[in-house]
Amino acid sequence: MRRLLLLPISICVLTLALRAQSTVNYATDIAPIILDNCTVCHRAGEIGPMPLTSYEEVRNWGFMIKYVTEIKYMPPWPPNQEYSHFLGERGLSDEEISLIAEWVDNDMPLGNPDDAPDVPTFPDGSQVGDPDLVLSFAEAYTHVGDNTDQYQIFVLPTGLTEDKVIKSIEFRPGNSAIVHHALMAVDKSREAQAMDEATEEYGYPSYGGGWGVEILDQYPGYVPGARPNIYPAGIGQAMPAGSDLLVQAHYAPISTDQMDSSTVNIFFAEEDEVVDRFVETHIMLPFFGTLVNGPFVIPANETRNFHGVYEVPAKVSVMGLAPHMHLLGKNWLVYAEQPNGDIVNLIDVPEWDFNWQGTYFFDRFQILEQGAVIHAFAEYDNTTDNPLNPNNPPRLVTWGEGTEDEMYYLPFLYLPNRERDEAYVFGEDGTNSDSEEPVLPLEQNILE
């Protein structure tokens, strides 16, 4: 009888022991998820509002992490991954999301600290690596707190004595609270320097969003949440000797005076790299006959879905694109129709988020034949149902650079097509491959 009585007790003890051993803990289960997916942005000096580099930091925000991962707001990745693929895709699996929820619901145990992986080593002041050239504002710029947008162009002399090839360029905002976005271009005429010298303040205003001078080339820009890309081997953008880098910074409306002093990290091609292909840009704007259903006007209390088209004049290999809109934006859908009727999916952003946008680089060239037609649909909600509508009550909105205006802005980065571009796959380290059976890259395209 005693043995029969002890049997259920033994089973209970064993069950409790097994449960204790299988409890989801930070060290073995949660730390790998956080360090692989979150810490790159949630660390000192980056855009994440709080650091997530230790057990204590993650535990302090555990309930929030559970919530934002369950609704799939974090890690942020607006494009629909079932429509097209890009480098650096982010997102957690359903299993990882469930592990986080279970860990939080069970009081977030640490586990054995020795089992936790080391925090990754990140470059200081960069998401890319150690830059070859760092250009900084010559002085701090004061953005006046009068609740209006300001576009200011800053002229940063490169000091280059020989032509260089850019592999990556990274804008680092000095005051992320006011820097809405930044564009970058190169000027060799010295005309921008003259315009700067003609103004009392640092830099010169950019009325209407233009540069004020004829630029040689435009580089990938900055928006919050975007990561710089690295061009594959043999591909880059030119930066001539004696040129100036122009930075067009958009400062958002604010009620108090704020200072900004930003920097730009530039990464050049190695001396032994042969670069014979230079990236070009085409921007779809809602003018010059682009819109099938224009003009670009969004009346108060209405929604509008604009359809833009662009016929490709020559066979090209598209590397990436950067859809942009403001607070009325709801979604983007972009595809190309080849002359034979085939459809090439480019990007689907089903739920536009003004806070998470960027330049998306495909994991392989998207080949568009001469005569292919790009179709770009962008929807806007100018009603009171849109909680982000900056105007209450809603008012008629047209094209404009201000946050309260709207934009239909779609740059494409491309190269003239070459034979075997169809086989290229862009690797996570800025390389490419022409394997007949290419493997998709698994990680962000970042220099080690």
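## A strand pair with a buried member

Val318 stands opposite Gln366, a residue of strand E19. The strand E19 covers residues 360-368 and runs antiparallel to strand E16 (residues 316-321), to which it is joined by 5 bridges; strands are DSSP runs of E with at least two residues, helices are runs of H or I with at least four, and both are numbered from the N terminus. Two strands count as paired if DSSP finds at least two bridges between them. Of the 9 residues of E19, 8 are buried, so this strand is largely enclosed by the rest of the structure; buried means under 20% relative accessible area, exposed over 50%, and partly exposed in between (1.4 Å probe, protein chains only).

The model is predicted, and local features need pLDDT of at least 70, side-chain atom pairs count only at pLDDT 80 or more, while totals for chains, interfaces and linings use all residues. Residues are numbered from 1 along each chain as its sequence is written, and side-chain values use heavy atoms, with hydrogens and water left out.

## The open sheet

An open sheet of mixed pairing is formed by 5 strands, in the order E1-E11-E4-E8-E12. Strand E1 (133-136) and strand E12 (277-278) stand at its edges with a single partner strand each, so one side of each is left without a neighbour in the sheet. The partner of E1 is strand E11 (residues 263-268), which runs antiparallel to E1 and is joined to E1 by 4 bridges. Within this pairing, Val134 has Asn265 of E11 as its bridge partner.

Val128 counts as buried because its relative accessibility is 1%, whereas Asp130, at 67%, counts as exposed.

Patches are made of residues with over 30% relative accessible area and no salt bridge, like charges being joined within 9 Å and nonpolar side chains (Val, Leu, Ile, Met, Phe, Trp, Tyr) within 5 Å; a salt bridge is a side-chain nitrogen of Lys or Arg within 4 Å of a carboxyl oxygen of Asp or Glu.

Asp107 lies in the loop between H5 and E1 too. Its phi is near 70°, a positive value in a residue other than glycine, and Asp107 counts as exposed at 53% relative accessibility.

Trp61, Met64, Tyr67, Ile71 and Tyr73 make a nonpolar surface patch of about 510 Å². Met64, one of these residues, lies in helix H4 and is partly exposed, with a relative accessible area of 43%.

The loop between helix H4 (62-70) and H5 contains Pro75, which is joined to Met74 by a cis peptide bond with omega of about -10°. Lys72 is placed in the loop between H4 and H5; although not a glycine, Lys72 has a positive phi of about 60°, and it is exposed, with a relative accessible area of 55%. Most residues other than glycine have a negative phi, and most peptide bonds are trans.

## Another cis peptide bond

Between Gly294 and Pro295 the peptide bond is cis, with omega near 5°. Pro295 lies in the loop that runs between strand E13 (280-284) and strand E14 (297-298).

Technical notes
Accessible areas come from the Shrake-Rupley method with a 1.4 Å probe; for residues, only the protein chains shown count as cover.
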